[in-house]
Amino acid sequence: MTRLALLVLAFAAVTHAAGVGTITGDVRDAGGAGLDGAIVTAKHVEAARETTVYADPSGRFLLRDLPPGAYQVRARAYGRAERVEVVTLDAGGERTVRLALDRVTDPRELAWQLPANRWLALALARFPDDEAREEFKRQCGYCHQQGSWATRVQRSPEEWRKLLALMARMGGILTPRMRTLVPETLNAAYDEASYVPALGERFVPPAPPSAAARRAVVTEWAIGATGSMPHDAAVAPDGRIWAVDMMQDTLFRLDPATGERRAWEIPTDGLPLGGAFAPQQTIPANATAHVGPHSLQIAPDGTIWISLALGNRMARFDPDAERFDLYPVPEGFYPHTLRFDAKGRVWFTLAVSNHIGVLDPATGTVRTARLPARTWGQEVVLRIMPAFLWLARNVDLDPERAGDGPMLPVPYGIDVAPDGGVWFAQLNERRIGRLDPDTFAVELVDTPFPAPRRLRFDSQGVLWIPSFSGSALARFDPRTREFCSWTLPTEPAGTETPYALNVDRRTDTVWICGTASDSLIRFEPRPERFTVYPMPTRVTYTREIDFDERGAVWTSNSNLPAWQIDGGMPKMIRLEPDGPVLGVGLALEPRDEPAHLVLESAHEGPDFRVRARDLVDPVRAEEQHERGDERQYPRDEPPPVEQHDLALVASDRP
């Protein structure tokens, strides 16, 4: 057991029944003026847990329900130097902390405070056309943010060659044209001569959180180690959080009530490093991935089901017996995202080979269906995939040359509609589709936007889709076949890369990963209103979203490699939109089904469409005023990404 785990267990045992305390105070500039929206984080050192709130317009903040112990209280505000104070909080006590932040005048330091998407805009503006910009965002953001501090390093041609080869082995395959464009474009965009005047001398900070966002509380728990990658997370009915570490073949469990973390090693089934893809699949030097757990879901019976992407298997974990069962996938490669249908069957995508699989837990049988490719070239490559992988195990192939052939479809996200139909997204094909669960017949639908990724249904059977490279949120009605889409509110336009979304079916609120901008984004469909929640950790790369009983939003920071994350550790993240009010939250009644569970029919089962605003206190007048000014984005389809939009960051406008 790691030292972190031992400390956390000891802390949980001591503080579980202890009284909680409060840290209050204010954040001001050198002249005494309050700093609106300053991000204040209290880190409990022993528990490896951080609690964050946002200062109000006068700079005041309140951190409640904190366990006793030593805290590092940090305040951050754009354009200001951060400050940290160390305080000790007694059980049931209260401490006041006043933090004065000095102004930063060095344009380089100012630029380095900005989130990755601001830097990404510099690179996108330098690519020659929309096609190049779209491919760069789609292929170069699989594992980590583009524009974060670690991606802004000036590199020699040989360093770029090695980097692009590693990227290709990890699945980010570029066309020959882009292999030439990327090195010269990024070196130029991130040179001091480019970023200092664009981002530092004309420094424009992101807007402070809205009144709605300032009510939120963000809690983060360090999990795993520097070599970990908690790819996906899921909330169990008992409130504990499960996550899979793709780089260390580990299953984690976090109890947010006590802070206890537990970990189980996933059996490797005798596979070598890199699993079924060895040696083609190069893994990071500090990784020990043989089976590469990718995604997980909680079954109706409480067991944990996991896709083992590198191992080409599915796994079942029984939390009571603490036992794993592995199920080989007979056809197809790279089990990816998985979801349950109303009959308890596990549906999953096979990303590399363009298949959909289904596993029946009652019998343990696995069936697969091959999805249509768009071109004959794609079909040929997919058919010879087994031979290619055999050849890669015996011959040293150049992984970059994979981009010389056709781009493969890559079935990515998957979800089950209320009528039982299985819907999927083909990331590289601007296409979604429906698989009939009985006949395996496939219907394909072209999307008016690029890179559909992890899609989800709402309670009314409407499908919500993130456009990863289109910086957009889309809605598709399977009954009318109509699309509607909205540009995400991240500024500058076109710089967000939404990896995934989820819909809380109790309210049909859509939550979206602000993967490029260190944020989570809420979209309320009825008023067509976005709310952006800044995350306190720089380099926050999120991939999956789930909800607990009280409406809190859960995700994981799984930037790969983790040492690029602020603090060097991956984290589990809980966002409480209305703050940690005991017994209130979104004021939802307890229920037996998780918020994402599919019902057999849109009209069957309990009605979860309870509007939170009908159950919580009225929103302050200030929030009502701000909402009147918030941007809304009703569109028939997202506008094309144009160079002049992205170049704003390098001109006289923010």
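Q: Why is Cys-484 called buried?
A: The model is a predicted one. In it Cys-484 has a relative accessible area of 14%. The term buried applies under 20%, so Cys-484 is buried.

Q: What makes Cys-143 buried?
A: The relative accessible area of Cys-143 is 16%. Because the limit is under 20%, Cys-143 is counted as buried.

Q: How many disulfides does the structure hold?
A: The structure holds zero disulfides. A disulfide would require a pair of cysteine sulfur atoms within 2.5 Å.

Q: Why does Gln-378 count as buried?
A: Gln-378 is found in helix α9, residues 376–383. Its relative accessibility is 3%, and buried means under 20%; therefore Gln-378 counts as buried.

Q: What makes the link between the side chains of Gln-378 and Glu-429 a polar contact?
A: The side chains of Gln-378 and Glu-429 are joined at 2.7 Å. A polar contact calls for N or O atoms within 3.5 Å, so the pair is given that name. Beyond residues up to four places away in sequence, Gln-378 touches Ala-373, Pro-406, Met-407, Leu-408, Pro-409 and Glu-429.

Q: Why is the meeting of the side chains of Arg-214 and Asp-36 called a salt bridge?
A: The N to O value for Arg-214 and Asp-36 is 3.3 Å. A salt bridge needs a side-chain nitrogen of Lys or Arg within 4 Å of a carboxyl oxygen of Asp or Glu, so the pair is a salt bridge. This pair links distant parts of the chain, 178 residues apart: Arg-214 lies in helix α8 and Asp-36 in the loop between β1 and β2.

Q: What covers the two faces of strand β29?
A: Leu-501 and Val-503 on one side, and Asn-502 and Asp-504 on the other, are all buried. In a regular strand the side chains alternate between the two faces of the sheet. The side chain of Asp-504 also meets that of Arg-506 in a salt bridge of 2.7 Å, N to O, and both residues are buried.

Q: How do you know that β29 and β30 pair?
A: They are joined in the antiparallel sense over four bridges. Pairing requires at least two bridges, so β29 and β30 count as paired. Leu-501 stands opposite Ile-512 in β30. The two strands form a hairpin with four residues between them, and Asp-508 in the turn has a positive phi of about 60 degrees.

Conventions. Residues are numbered from 1 along each chain as its sequence is written. This is a predicted model: local features need pLDDT of at least 70, side-chain atom pairs count only at pLDDT 80 or more; totals for chains, interfaces and linings use all residues. Side-chain values use heavy atoms; hydrogens and water are left out. Buried means under 20% relative accessible area, exposed over 50%, partly exposed in between (1.4 Å probe, protein chains only). A polar contact is a pair of N or O atoms within 3.5 Å; within protein, one must be able to donate a hydrogen and the other to accept it, and residues adjacent in sequence count only if both atoms are side-chain atoms. Contact means heavy atoms within 4.5 Å.
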